[in-house]
Amino acid sequence: MRTPEEIVELYNQRRRAAGPLHEQMRRVRELANGDVIVPLNELDRNAKASVANLLVQGLDQMSMRVASTMPSPYFPPMKEGSDRSKGNAKMRKRAMLAMWDHNKMQMKLRRRARHLLGYSQSAVVIKPDFKTLMPTWSVRNPLDTYPAPLDDPDDNLPENTIFTYRVTASFLMQNYGPDVVSQLRMGRISADTRYTMLEYVCANSIQLIVLGSDHDNMYTPAENSGLDHMLLEYIPNRTGMPLAVIANRITLDRPKGQFDGVLGMYYTRARLQALTEIAIERGIFPEEYLVARPGENPEILQVADGKAGQLGIVKGGDIQQLQLNPGYKTDTALDRLERQERLEGAIPAEFGGESATNIRTGRRGESVLAATVDYRVQEAQSTFEASLLAEDKIAIAVEKAYWGNEKKSFFMPGRSAGGESTYTPNKIWESDFHYVAYSAAGSDVNSLIIGLGQRLGTGLMSKESAREADPLISDPDLEHDRIIAEGVESALLSSIQQQAAQPDGPYQPEDLAYLTKLVLQEDVPLYEAVRRTDQRARDRQASMAEAGAPETMPGLAMPGMGAEMQAAPPMAPGGPPPMDQLLAQLGG
């Protein structure tokens with residue numbers, strides 16, 4: 001266990017070490033948020049850049065493509081050939097998918113994709129939620145994340161991580177009482193004064209520490225007195241695993257976002273565009289000079305006003321206008337800078353709904369776009385595969401550590417088994433061994449569907465594999481059952497239509513009308529309606545009515561087709577029917 005003093009010292013060391021990296025992240029954030037100011041004296045102080053922000057376009061497009069498809073967890077059976085083991089493996093997968101659905105994993109992956117591509121890092125913490133009794137994923141800002149250094153750059157599970165965030169003085173006093181005010185160095189406080197919180201996460205505990213205000217010579221001794229940090233909470237970690245996972249973009253030797261190289265080009269392009277605007281404005285409102293004639297003293301008698309139609313009057317001199325030309329190379333330079341930004345950040349024109357002038361066919365456009373995007377999307381998705389695998393193992397450890405013997409239920413709308421399932425974590429989580437994989441890493445949702453259709457058409461893929469790879473199909477087993485049910489229902493309906501079209505068929509008008517009533521009015525499934533109609537016909541055919549009764553008449557049906565009841569034999573006068581009639585009825 002680390003003491004609060006050691007944690008604060010670790011925080012200061014890591015903050016100094018991460019200073020250049022975080023400064024680059026802040027520059028990317030400012031450009032992505034549109035907070036860049038063009039430093040020109042002749043522009044308005046609040047002037048913003050007036051050129052297209054290609055970084056935002058590339059970041060959004062790449063991130064949406066990375067998160068357009070969801071990976072799938074696969075839990076193999078622990079014992080091959082055992083139905084019970086297969087059932088547990090299926091339950092483990094459904095329980096993990098329920099956790100993902102509960103945490104809105106697809107939305108979180110969209111934000112994490114932006115962090116990974118823009119900041120080169122994606123941080124997440126998995127904690128137990130005692131309200132929902134489920135592990136909860138919490139996405140953290142890489143600018144506020146300080147993980148322990150790792151020897152392996154591909155390792156995404158640091159030994160410990162420090163997260164920071166800011167809270168107000170009123171929040172501290174409301175949640176932690178007056179002890180904070182009496183012990184912590186608060187400085188000159190107001191309700192909105194903010195303080196830095198450190199959240200230290202490791203395999204043994206979660207510690208929450210608040211840092212006091214900085215020492216200031218302008219403060220009174222009472223305001224400068226108190227602790228420079230204070231431990232607010234200490235929570236043991238029952239899982240024995242680090243709860244933070246840090247996914248890193250693959251680079252050479254230091255973290256680098258995909259769009260770090262476009263910053264200087266963007267600033268140059270924005271500055272050149274601003275200078276062009278200044279020149280255009282001066283061309284519209286040119287500078288005028290009063291030039292004296294030889295031997296004369298020039299004087300302006302009346303100032304010209306073009307808007308009002310007023311002529312200017314000059315005595316003893318001439319008015320000369322200084323026309324400015326923005327430069328014949330300005331447009332070329334702007335276009336060249338934009339092209340360099342697109343090449344550096346891999347931002348093709350197709351991201352903005354345009355196409356290069358040298359692309360003539362759709363196939364060529366797809367090839368250019370694929371060469372620019374596909375491999376970057378594949379690498380980002382592979383990074384998330386490894387990260388989600390580690391996160392799932394932490395979530396399993398959280399379930400077993402905090403709710404191991406409790407029965408839990410989850411509801412997955414649209415899935416098999418009625419959507420609701422109940423399980424006990426210690427029973428189904430026999431092992432946390434599993435895989436997490438995208439069905440086709442590097443493909444977005446559009447190209448994935450097209451590829452699946454092509455493979456099905458050529459016979460290279462089974463329909464079961466296609467259902468598992470399709471992101472729109474959440475439960476392949478349920479989809480398989482639905483396809484079979486629809487096929488059988490279609491065959492049943494075709495059989496009914498064919499038999500009903502025949503006058504001597506089994507479906508007579510009265511039976512067909514009853515079947516239609518069950519389906520349309522009572523909303524009975526077709527298979528149940530056929531069963532009830534068949535049972536009704538059997539009961540009618542096995543019953544008898546007096547000869548000449550309406551029930552013995554065929555009605556709209558053909559005689560002898562089963563639409564009428566049997567006629568009872570006539571009774572002998574004064575007694576039962578003769579024996580030969582009874583034997584005839586029995587077929588004797």
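**Note on salt bridges, spaces and surface**

1. The side chains of Glu199 and Lys127 form a salt bridge, at 2.2 Å from N to O. Glu199 sits in strand β6 (residues 194-202) and Lys127 in strand β2 (residues 121-129), so distant parts of the chain, 72 residues apart, are linked. A salt bridge here is a side-chain nitrogen of Lys or Arg within 4 Å of a carboxyl oxygen of Asp or Glu. Strands (E, at least two residues) and helices (H or I, at least four) are DSSP runs, numbered from the N terminus.

2. The model is predicted: local features need pLDDT of at least 70, side-chain atom pairs count only at pLDDT 80 or more, and totals for chains, interfaces and linings use all residues. Residues are numbered from 1 along each chain as its sequence is written, and side-chain values use heavy atoms, with hydrogens and water left out.

3. Lys127 is partly exposed, at 24%. Buried means under 20% relative accessible area, exposed over 50%, and partly exposed in between (1.4 Å probe, protein chains only).

4. The whole structure has 13 salt bridges. One of them joins the side chains of Glu391 and Arg112, at 2.7 Å from N to O. Glu391 is in helix α11 and Arg112 in helix α5 (residues 105-119), 279 residues apart. Both Glu391 and Arg112 are buried.

5. Another bridge pairs the side chains of Glu341 and Arg269, at 2.5 Å from N to O. Glu341 belongs to helix α10 (residues 330-345) and Arg269 to helix α9 (residues 263-284), so the pair ties together parts 72 residues apart in sequence. Glu341 is buried, at 1% relative accessible area. Arg269 is buried too, at 4%. Elsewhere, Glu522, Glu528, Arg531 and Arg532 are linked in a salt-bridge network.

6. The second largest pocket holds about 850 Å³ of space. Its lining has 35 residues, and the closest to the centre are Gln121, Pro147, Pro153, Asn248 and Pro255. At least two lining residues come from each of α1 (4-17), α2 (19-32), β4 (145-147), β9 (244-248) and α11 (362-403). By class, 17 are nonpolar, 11 polar and seven charged. Ala, Val, Leu, Ile, Met, Phe, Trp, Tyr, Cys and Pro count as nonpolar, Asp, Glu, Lys and Arg as charged, and the others, Gly among them, as polar.

7. How many cavities of 30 Å³ or more are there? The search finds one. The largest cavity has about 50 Å³ of space. Its lining includes Pro255, Lys256 and Gly257. Helix α2 gives the most, with four residues. The lining divides into five nonpolar, four polar and two charged residues.

8. Terms for these spaces: on a 1 Å grid over the protein atoms alone, a cavity is a set of points where a 1.4 Å probe fits but cannot get out. A pocket is an open set with protein on both sides within 12 Å along at least five of seven lines. Lining residues have an atom within 4 Å of a point. Points are joined across faces, edges and corners, and a volume is the space filled by probe spheres set on them.

9. Strand β8 (residues 229-236) contains Tyr234. Tyr234 counts as partly exposed, at 36% relative accessibility. Ile235 is partly exposed, at 39%.
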